[in-house]
Amino acid sequence: KPFTSNADMMRRTRELHVIDFAGHDEASARKTHPAAYQRVFDTVKPFRAQNRDRQRKERWWLFGRSNQDMRRALTGLPRYILTPEVAKHRPFAFTDGETVPDASLYVIASADAFILGVLSSRLHIAWALLAGGTLEDRPRYQNGPCFLPFPFPSANSDQHIGIGELAQEIDLLRKRQQAAHE
């Protein structure tokens, strides 16, 4: 599956992919995807055998923390919103629903461009800067103080559509610029 990290979001994407056996036990992974299983067996298992974390050692073919709640929330979404957990600037962007996010990214399980627009607004950015913490000198986006208590505005149908259209334009422009300029 496609894989993205903070670095991919803030710069040009490296177009990385990962082997994701989420939902598979070891026997199922080996039987349904033998070549991928062998690759993970050869490259991941020896490393995980030395890991102190019991879950990572025993369930070595899976991502260390598979975050089942997040995966359930993203099920069926054609796209969802990402932002770096820690970054000097606070961008929000859509990514494809099949993309596996790195732990350095904060996931918002919504395909709604209106939500992307509100999160990208000056008001929300100011809120997040004041409410969130920091890591060294960089702002940190957190669920508890930044996202959950944020008073999302109510909007009529025309406003919802207009904000959503503008958010999609900004998202596409940002991605085009990143692709054109490292």
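Begin by selecting strand E1 (2-4), helix H1 (6-10), strand E2 (16-17), strand E4 (93-96) and helix H10 (157-180), each of which supplies at least two residues of the lining of the second largest pocket; helices (H or I, at least four residues) and strands (E, at least two) are DSSP runs, numbered from the N terminus. This is a predicted model, in which local features need pLDDT of at least 70 and side-chain atom pairs count only at pLDDT 80 or more, while totals for chains, interfaces and linings use all residues. Residues are numbered from 1 along each chain as its sequence is written, and side-chain values use heavy atoms, with hydrogens and water left out.

The second largest pocket holds about 460 Å³ of space. Next select Thr4, Asp8, Thr13, Thr95 and Lys175, which are the closest to its centre among the 21 lining residues. On a 1 Å grid over the protein atoms alone, a pocket is an open set of points with protein on both sides within 12 Å along at least five of seven lines, a cavity is a set where a 1.4 Å probe fits but cannot get out, and lining residues have an atom within 4 Å of a point. The pocket lining divides into 8 nonpolar, 6 polar and 7 charged residues.

Now move to the largest cavity, with about 40 Å³ of space, by selecting Arg90, Ile125, Ala128, Leu129, Pro139, Arg140 and Tyr141, which line it. Helix H8 (122-131) and strand E8 (138-140) each give two or more residues to this lining, and H8 gives the most, with 3.

Conventions. Points joined across faces, edges and corners; volume = space filled by probe spheres on them. Nonpolar A, V, L, I, M, F, W, Y, C, P; charged D, E, K, R; others polar.
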